[in-house]
Amino acid sequence: MLPFYQNIPQFTIIGCMLMGIFTALCKKGRTAFVLNQMMLAAVGAATVYLLVCVTKAGEAFDYQMGIVGHPFGNELRAGPLEAGLALAFIIVMACCILGGKEDLFHDMHPDKLPLYFVMADMLLASLLAMIYTNDMFTAYVFIEINTMASCALVMAKDGGATIAATMRYLVMSLLGSGLFLFGLSLLYWITGHLLIPNISEAVQNLHATGEFALPLTIILGMMTVGLCVKSALYPFHTWLPDAHGSATTGSSAILSGLVLKGYIMLIVKLIWQVVTPEIFCALHLDTVLLILGALAMIMGSVNALQETHIKRMIAYSSVAQIGYIYLGIGLGTKAAMVAALYQILVHAFTKPLLFCCSGELANASHHHKHMYFLRGAAHRAPLAGLGFTLGGLSMVGIPLLGGFAVKFFLADAAILGTWKMLVALGALAASSLLNALYYLPVIINIWSKELHGDPDPLPGMLRKPLAPTFAISTVCLAAGAVALGVFLQPVATFLANGLGLM
């Protein structure tokens with residue numbers, strides 16, 4: 001009989017989906033909100049127990065779904081890395097919903113609120129499935145569930161801008177899904193397997209014999225590009241600013257902090273479990289990701305520098321921060337992959353902090369999101385100002401914050417003595433400078449007071465009352481960003497050990 005903790009991955013995925021069904025029966029948004037938070041607390045507690053068990057045992061295990069066994073059945077795989085990322089995603093999901101609760105109840109019709117939490121539950125189920133799955137076709141199924149739920153979260157704020165943004169997002173996302181599915185179908189044709197261990201064995205044999213060399217390169221390229229489109233890697237990012245900029249605050253935070261990372265975790269699985277880093281580099285796919293990651297770091301920051309709408313600026317910043325992850329993946333070493341995983345965690349906590357705080361600053365400024373009207377907003381919403389300041393400084397790379405840890409580990413991993421070192425260090429330097437050029441002026445602006453003779457953009461504005469849910473969310477996300485900057489070595493060691501057990 002299996003130990004109880006080995007059932008937790010299955011229970012958390014199914015639990016999220018079942019709660020989505022029960023939430024659909026709710027008639028009041030507040031009831032659905034309470035059920036959602038109860039579900040997050042339950043799956044979070046179970047995941048903590050799983051993390052403690054697998055970390056203490058130093059193991060990763062396979063879990064058979066149903067009665068059909070290996071190699072034809074469906075499987076999950078969980079180890080310290082998977083459990084740690086799942087716990088981080090659950091915590092961030094709870095914080096995003098808490099931090100965006102006020103905007104959500106303001107932006108949505110009361111009758112539609114329960115449906116929002118149905119989609120949030122389904123989205124979390126898909127993210128957990130993509131983390132735990134040991135079957136590539138199951139991964140595709142939950143990619144599509146994730147896509148539909150994400151589109152619903154963007155459209156939650158009913159309006160012409162959000163509908164147009166959702167349609168652009170849907171078209172690009174389906175293009176990415178189609179590339180992934182087509183590549184997976186061809187991979188199944190030449191290997192005869194869908195379970196990751198069996199595909200990996202077949203791919204290694206094909207690479208060793210040289211058989212299907214060109215088709216294998218094209219197949220893996222299609223699957224990788226499909227996931228790059230869905231995770232908004234430059235130049236496939238064009239859907240992201242509109243979707244994140246027009247959505248309600250909680251949706252923007254969830255999309256940026258979590259949804260993009262789910263697809264990136266599948267790329268990590270594809271490289272580390274399906275084809276192995278050696279084969280991926282031998283096919284030169286790492287070089288493509290390195291170059292696109294470096295371009296994303298620079299071009300995303302350049303676009304953010306030109307924005308005057310705060311949420312669109314943060315969205316373009318996400319394009320740059322996703323580039324950091326792909327830069328680490330493209331370097332092709334274990335140390336660089338650890339740095340990429342570290343960036344997944346840092347971005348998961350920091351970017352929702354920025355979105356939630358920017359939403360609160362806008363609420364304290366008559367819902368204006370233009371930089372001009374946000375002048376002095378931190379004095380009207382001090383906690384939001386502090387949270388935005390901390391998040392912005394983390395993105396710049398100030399020591400003792402998570403962003404600095406990522407840049408430190410990427411720079412350390414980039415010292416390879418090859419041309420990749422020059423590309424990586426140059427992109428890190430340029431991106432850090434650009435980050436400072438657009439985050440620091442915003443931070444100064446929100447803390448500024450009107451000068452003598454300079455008209456107040458929002459005369460008569462008073463301090464906004466602090467919502468308890470927003471305070472809890474901001475403190476938790478800020479604590480995560482700081483902890484990742486202070487305890488960088490223990491976290492990096494944990495990620496390296498977990499990566500070794502994948």
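Predicted model: local features only at pLDDT ≥ 70, side-chain atom pairs only at ≥ 80, totals over all residues.
Residues count from 1 along each chain as its sequence is written, and side-chain values use heavy atoms, without hydrogens or water. Local features need pLDDT of at least 70, side-chain atom pairs count only at pLDDT 80 or more, and totals for chains, interfaces and linings use all residues.

**First stop.** Select 285–305 and 310–331, helices α12 and α13. (Helices are DSSP runs of H or I, at least four residues, numbered from the N terminus.) Their axes, lines fitted to C-alpha atoms over the stretch in contact, come within 7 Å and cross at roughly 160°. Angles run from 0 to 180 degrees between N-to-C directions, and over 145 counts as roughly antiparallel, so that is what α12 and α13 are. Now show the contact (heavy atoms within 4.5 Å): among the residues that meet are L289, G293 and M297 in α12, and Y316, A320 and Y324 in α13.

**Second stop.** Move to 382–396 and 402–414, helices α16 and α17, whose axes are 6 Å apart at an angle of about 10°. That makes α16 roughly parallel to α17 (the label for angles under 35 degrees). Pick S394, M395 and V396 in α16; they meet G402, G403, F404 and K407 in α17.

**Last stop.** Which residues are closest to the centre of the largest pocket? Select G84, A88, L345, F349 and L484. Helix α3 gives the largest share of the lining, five residues, and the space there is about 300 Å³. (A pocket is an open set of points on a 1 Å grid over the protein atoms alone, where a 1.4 Å probe fits, with protein on both sides within 12 Å along at least five of seven lines; lining residues have an atom within 4 Å of a point. The volume is the space filled by probe spheres set on the points, which are joined across faces, edges and corners.)

Note on methods:
Helix = DSSP H or I, 4+ residues; strand = E, 2+ residues; numbered from the N terminus. Parallel < 35°, antiparallel > 145°, perpendicular 65-115°, else oblique.
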